[in-house]
Amino acid sequence: MWDESRPAVLTKGMYFPDKTRLIRAVKIHSIRECREMTLSESTMEVYKAVCRRDFMGCHWMLRASKKKSGLWKVDKFISTHKCEMDTLNENYFNLDVDLISLVLIPYLEVSIRFKIKECITAVHQEYGCTITKRKAYLGRKRAFELIYGDWDKSFSSLPRYMDALQRFNPGIIVEWRRERSPDRPEYIFNYVFWSFKPTIDGFVHCRPVIFRDGTHVYGKYDIKILIAVVVDANG
């Protein structure tokens, strides 16, 4: 069975839980070997990869198939290359966004402010290959989506989140504002306002000064989060 702790080792007869991990293993193996492979055949039951220089007479090849158990098995594997070893560069074929994102996930789970330069360094430490800033950006974006979800899913979860706030916080005030677009039949979300009941009840005891602060939400949409703050007698 495929061992995630030894991602560079591939052998004939090895089993994989699914096709996704099989493909990932073949890509990682190629990177570790400083080679490039390309897809030759891919169906619901069969996966075959060959050396990207097979037209030059290189016979490296891996063929796997899906068994009745649902597992994927490497049926044939010619592990020896006859082509010359590549030098890893920024445009390395098999080091794609998906593999880069898997490297970056642990770092983004610690800090969402993981910089592009740090992403490039992390990938180089893992695979020994320096990627472009664009690949680092796309890999970080994919990793962020895998951890936190994408923008559309986040906005679609907002009604459920506000419903949960109302369910478990009696007396909370929630107000939505939606606008109808002239060229679309549905309403478009504009903003949502909420205030907890303890905040409302305590407002009369606060000083007659309201502070308003805002922050930009960087990403797909140009939006801002506004917060109103008042100070009570204790400061």
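Me: In which sense do β1 and strand β5 pair, and over how many bridges?
Reply: This is a predicted model, where local features need pLDDT of at least 70, side-chain atom pairs count only at pLDDT 80 or more, and totals for chains, interfaces and linings use all residues. Residues are numbered from 1 along each chain as its sequence is written, and side-chain values use heavy atoms, with hydrogens and water left out. Strands are DSSP runs of E with at least two residues, and helices are runs of H or I with at least four, numbered from the N terminus; two strands pair if DSSP finds at least two bridges between them. β5 covers residues 72-78, and its pairing with β1 is antiparallel, over two bridges.

Me: Which residue in β5 is the bridge partner of Y15?
Reply: Strands of a sheet pair through backbone hydrogen bonds, either parallel or antiparallel. For β1 and β5 the sense is antiparallel. The bridge partner of Y15 in β5 is K73.

Me: How many salt bridges does a search of the whole structure find?
Reply: A salt bridge puts a side-chain nitrogen of Lys or Arg within 4 Å of a carboxyl oxygen of Asp or Glu. Some share partners: R63, K67 and D75 are joined into one network that way. The search of the whole structure finds 11.

Me: How many residues apart in sequence are the parts that D96 and K27 tie together?
Reply: The D96 and K27 side chains form a salt bridge at 2.3 Å, N to O. D96 is in the loop between β5 and α2 (97-110), while K27 is in helix α1, so the pair links separate parts of the chain. Buried means under 20% relative accessible area, exposed over 50%, partly exposed in between (1.4 Å probe, protein chains only); D96 is buried at 19% and K27 is buried at 18%.

Me: Which helices hold E126 and R32?
Reply: These side chains meet in a salt bridge of 3.3 Å, N to O. E126 is partly exposed at 36%, and R32 is partly exposed at 32%. The pair spans 94 residues of sequence, with E126 in helix α3 (residues 116-127) and R32 in helix α1.

Me: What separates K141 and E145 along helix α4?
Reply: Their side chains form a salt bridge at 2.9 Å, N to O. An α-helix has 3.6 residues a turn, so residues three or four places apart point the same way. K141 and E145 are four residues apart in helix α4 (residues 133-148), a separation of about one helical turn.

Me: Where does α2 bend?
Reply: The bend at a residue is the angle between axes fitted to the seven residues ending there and the seven starting there. In α2 the bend is about 40°, and a proline, P106, follows within four residues. The residue at the bend is L104.

Me: Which helices do the buried residues of α2 pack against?
Reply: The buried residues of α2 include V97, L99, I100 and V103. Contact means heavy atoms within 4.5 Å. The packing partners are α1, α3 and α4.

Me: Which residues does I112 touch?
Reply: I112 sits in the loop between α2 and α3. Its relative accessible area is 52%, so I112 counts as exposed. I112 and F144 are 32 residues apart in sequence and 7.9 Å apart in space, C-alpha to C-alpha. Not counting residues up to four places away in sequence, I112 touches F144 and Y148.

Me: Which strands do the buried residues of α5 pack against?
Reply: L158, M162 and L165 are buried in α5. The helix bends by about 35° at L158, with a proline, P159, following within four residues. The buried residues pack against β6 and β7.
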